[in-house]
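Trainee: Could we go through this structure together? I would like to start with the aromatic residues.

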Amino acid sequence: MRINLCNLGCQPRFASEFFQTTTFRLTFLNLGVFTTLSVAVFLVVYASLALRLQKQMDKALLTTSEESAAIYRQQGIAALQYEFEREAESQGSGRVFFRLLSSDGTPLASSDLSKLRESGLSIPSEPAAQGTRSVYYTFHPHLRKQEKEHGRKGEEDERDFQIRMISMPIGGGEVLQVGRTLYSEELILEKYRETFGVALMVMGSLGGLFSFLLARKAMAGVQRITDTTTGIGRSDLAGRVPLGDEGEEITALARAFNAMLERIEILFSEVRQVTDNVAHELRTPITRIRGMAETTLKGDGNLIEYKETMASVIDGCDDLIEIIGTMLEIAKTDSGNFDFDPVSLDLIELVEDAVDLFMPVAEDKRIDVRLNKPAMAVKVSGDRRRLQRVVSNILDNAVKYTPHGGIIAVTIKRDAGDVRVSISDTGIGISESDLPHIFERFFRGDKSRSTSGNGLGLSLAMAIIHAHGGDITVTSSDQGATFTFFLPTSPSSRHYF
């Protein structure tokens, strides 16, 4: 005997998962709201209809009572009795009744009440009306209850419905009672209830179907995002969420998700690039350190040679520490996960301090450093230490690659909404093929191979400037290179990564 495990477990599991979906919950919520509103409308309309029917009945009873009272006053009790009998016969003795009571409740005139009494009707005999005010009653015969007690099924007729009665004083303590069954009115209300019940079932079924279709269409965008996420889980970082027409919210979500995917893809690419760069750049100093240590151990060196080797190892370790520290700072700055301490500072003062720091080296090479600055202070909001490092890294390169007797020009200029700092030199310049890669990590152009450095200074400078909401550019020619960075003067225009 073969057992289909899917028949045993898949369908219940699918049903259980479906009941937990947002589509089902939205459908159930919409259907619940629709049903609640429909029932509320039904109750309001039903109460309004019942009240209107009752007012119409009360108006008819009052009119009949006033006509009967006029006959009694003008023609006497005999004419009133005749009118009672005629009205009861024309409308049906089981449907209406008329009575005239004395002040002590004794009937003075009455229509035929036999059929109503057969239904268990107990008409109040006391003159409940007070003064000149008419009083209305609504009561129900006890026929059904009596027949149920005797085990018989009663025949549904007008006697099974409620009766509305008016007791109107007509002077001298006498009270006129006029009553009618609510047969027609209750049939109207019953028909309304039946019609609404059928309509509610039909509308509920169609409403549930439409709610499900609308909910599923609305969640189609979320499903596309889910499918894309599943693909990403299989290392398909190039996948993007297709845009649909479910609504602006879903479209905005899809666009935000696609933007996040692009950012993630860039970050993964950068991680791979950094990993490759680290593996390549750290291999050389580590190999050199290991080679020095191995050579010293295998040789017959004395204490002085050992000390020189250890000093070289320490220098190599310091270089490694500097490279790793700079890489970490670049990574933190790019991701925004760093301790940013923005303060209001004078950019002119910051640049002047950096120029003063490199002035002794520039004077040794007889380099003319020129500072062009505005007359007034230029205030920006930023991290002082990191901005100092940007200026220092660019000045360090300018001094390093400018020959003896050259010129370095530092220009600070305020533009609309930002401030521009340009550092130009008359050095060896940057080749056209190297310009697109000058800010990449560990990149060193052909002209800089002979100088010391690790190729991280400009990468760090760009990361810091971007973190301050600015930008940095470079141009070059045979007469030297110019690095320019821009910083916003308004904190509201800054964005942090």
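**Aromatic pairs, sheet and helices**

Mentor: Tyr46 has a relative accessibility of 21%, so this residue counts as partly exposed, since buried would require under 20%. Please keep in mind that the model is predicted.

Trainee: Which residue forms an aromatic pair with Tyr46?

Mentor: Tyr192 does; the two rings are stacked, at 6.1 Å centre to centre with 25 degrees between the planes. This pair joins distant parts of the chain, as Tyr46 belongs to helix α2 and Tyr192 to helix α6 (residues 183-218), 146 residues apart.

Trainee: Which residues do ring pairs link into a cluster?

Mentor: The cluster consists of Phe42, Tyr46, Tyr192 and Phe196.

Trainee: And how many aromatic pairs does a search of the whole structure find?

Mentor: The search finds six. Another stacked pair is that of Phe84 and Phe98: the ring centres are 5.3 Å apart and the planes meet at 15 degrees, so the pair counts as stacked. Phe84 sits in helix α3 and Phe98 in strand β1, 14 residues apart.

Trainee: Is Phe84 buried or exposed?

Mentor: Phe84 is buried, with a relative accessible area of 0%. Phe98 also counts as buried, at 2% relative accessibility.

Trainee: Let us change topic. What is the order of the strands in the open sheet?

Mentor: The five strands follow the order β2-β1-β5-β4-β3, and their pairing is antiparallel. β2 (107-110) and β3 (135-139) stand at the edges with a single partner strand each, so one side of each has no neighbour in the sheet. On average, neighbouring strands are turned by 20 degrees against each other, direction ignored.

Trainee: Over how many bridges do β3 and β4 pair?

Mentor: Five bridges connect β3 with β4 (residues 163-171) in the antiparallel sense. Val135 stands opposite Ser167 in β4.

Trainee: Which strands does helix α2 lie across?

Mentor: Helix α2 (residues 22-75) lies across β1 (96-101), β3, β4 and β5 (174-181), at about 35 degrees to β4. Helix α3 (residues 77-91) lies across β1, β2 and β5, running at about 165 degrees to β1.

Trainee: One last topic: at what angle do α11 and α12 pack?

Mentor: Helix α11 (residues 384-401) and helix α12 (residues 457-467) pack at about 145 degrees, and their axes are 9 Å apart. Their crossing is left-handed.

Trainee: Which residues make the contact?

Mentor: Among them are Leu387, Val390 and Asn393 of α11, and Leu458, Ala461 and Ile464 of α12. The residues of this contact divide into seven nonpolar, three polar and two charged.

Key:
Residues are numbered from 1 along each chain as its sequence is written. This is a predicted model: local features need pLDDT of at least 70, side-chain atom pairs count only at pLDDT 80 or more; totals for chains, interfaces and linings use all residues. Side-chain values use heavy atoms; hydrogens and water are left out. Axes are lines fitted to C-alpha atoms, for helices over the stretch in contact, and angles run from 0 to 180 degrees between N-to-C directions. Helices (H or I, at least four residues) and strands (E, at least two) are DSSP runs, numbered from the N terminus. A crossing is left-handed if the near helix is turned anticlockwise from the far one by less than a right angle, and right-handed if clockwise. Contact means heavy atoms within 4.5 Å. Ala, Val, Leu, Ile, Met, Phe, Trp, Tyr, Cys and Pro count as nonpolar, Asp, Glu, Lys and Arg as charged, and the others, Gly among them, as polar. Two strands pair if DSSP finds at least two bridges between them. Rings of Phe, Tyr and Trp (its six-membered ring) pair if their centres lie within 6.5 Å; planes under 30 degrees apart count as stacked, over 60 as edge-to-face and the rest as tilted. Buried means under 20% relative accessible area, exposed over 50%, partly exposed in between (1.4 Å probe, protein chains only).
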